Amino acid sequence: MLLNIRKIIEEPGEIPFSFEIDMSDVHFDSVHAFLSPLTVKGSVVNSAGVLTMDADLEIESVFICDRCSSHYQTRKRLHAHAVLAQELQDEDNPDIYLLEGDNVNLTEIIYTIFILNMETKSLCKEDCRGICASCGKNLNEGACGCKPEPDPRLAVLKQLLNE
Ligand SMILES: [Zn+2]
Ligand SMILES: [Zn+2]
């Protein structure tokens, strides 16, 4: 979505926006599926000559747990913030996005921020117990009866103490 902000480029003001981005073709290793489009709601503001964009993003997703591989559904919420400029003055500031003439390319900005904020780790719960390496049982459903692997460091320690 291109938002024309001509009327607030030179003077204070606010232009609200709301739209959706289709995410059905986007793939992440940690995501099994996006169940909804990414909804975007926010505004572009000129305050004291500085143009900023703020938006709330929301999407319903099914993630894959890194430890136990189970699927879990969660509503991901994210706040996106960007500074808008007509030309790049500070190339090191990753929060600055350029205007395209009088327009803000909101889809591109939101998409970039969303992807940079996707988790690289996903857990179905903080204390997920994962899967037993020997029998493959999901340990969140209960212990599996396998003997714990002996810790090789303990074997060395035992040897030393016995000497
Ligand atoms: Zn898990
Ligand atoms: Zn086991």
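What share of the 163 residues of the protein count as buried? The figure is 34%. Keep in mind that this is a predicted model.

Let's start with the overall build. The protein has three helices and eight strands. The order of elements is β-α-β-β-β-β-β-β-β-α-α. Now the spread. The radius of gyration is 24 Å. The globule rule gives 15 Å for 163 residues, and 24 Å is well over that, so the protein is more spread out than a compact globule. The C-alpha atoms fill roughly 80 × 40 × 20 Å.

Next, contacts and surface. The accessible surface comes to about 10800 Å². Carbon and sulfur atoms hold 49% of that surface.

On to the metal. Which residues coordinate the zinc ion, ligand 1? They are Cys65, Cys68, Cys124 and Cys128. Each one uses its SG atom, at 2.3 Å. Look at the angles among the four donor atoms. They run from 106 to 113°, and the site is tetrahedral. Along the chain, the donors follow the spacing C-x2-C-x55-C-x3-C.

Are they buried or partly exposed? Cys128 has 5% relative accessibility. Buried means under 20%, so Cys128 counts as buried. Cys124 has a relative accessible area of 25%. That value lies between the 20% and 50% cut-offs, so Cys124 is partly exposed.

One last stop: serine 30. Where does Ser30 sit? Find the loop between β2, residues 13-21, and β3, residues 31-34. Ser30 is in that loop. Its relative accessibility is 8%, so Ser30 counts as buried. What does Ser30 touch, leaving out residues up to four places away in sequence? The list is Phe63, Ile64, Glu119 and Ser122. Now compare sequence and space. Ser30 and Lys121 are 91 residues apart in sequence. In space, their C-alpha atoms are 7.1 Å apart.

To recap. The chain carries three helices and eight strands.

Conventions: Residues numbered from 1 in each chain as written. Chains lettered and ligands numbered in written order. Predicted model: local features only at pLDDT ≥ 70, side-chain atom pairs only at ≥ 80, totals over all residues. Heavy atoms only, no water. Donors = N, O, S within 2.8 Å, 3.2 Å for Na, K, Ca; no water. Tetrahedral: all angles 85-135°; square planar, octahedral: opposite > 155°, others 65-115°. Buried < 20%, exposed > 50% of the residue type's maximum accessible area, 1.4 Å probe, protein only. Helix = DSSP H or I, 4+ residues; strand = E, 2+ residues; numbered from the N terminus. Contact = heavy atoms within 4.5 Å. Rg over C-alpha atoms; globule rule 2.2 N^0.38 Å. Areas by Shrake-Rupley, 256 points an atom, 1.4 Å probe, with all protein chains shown as cover.
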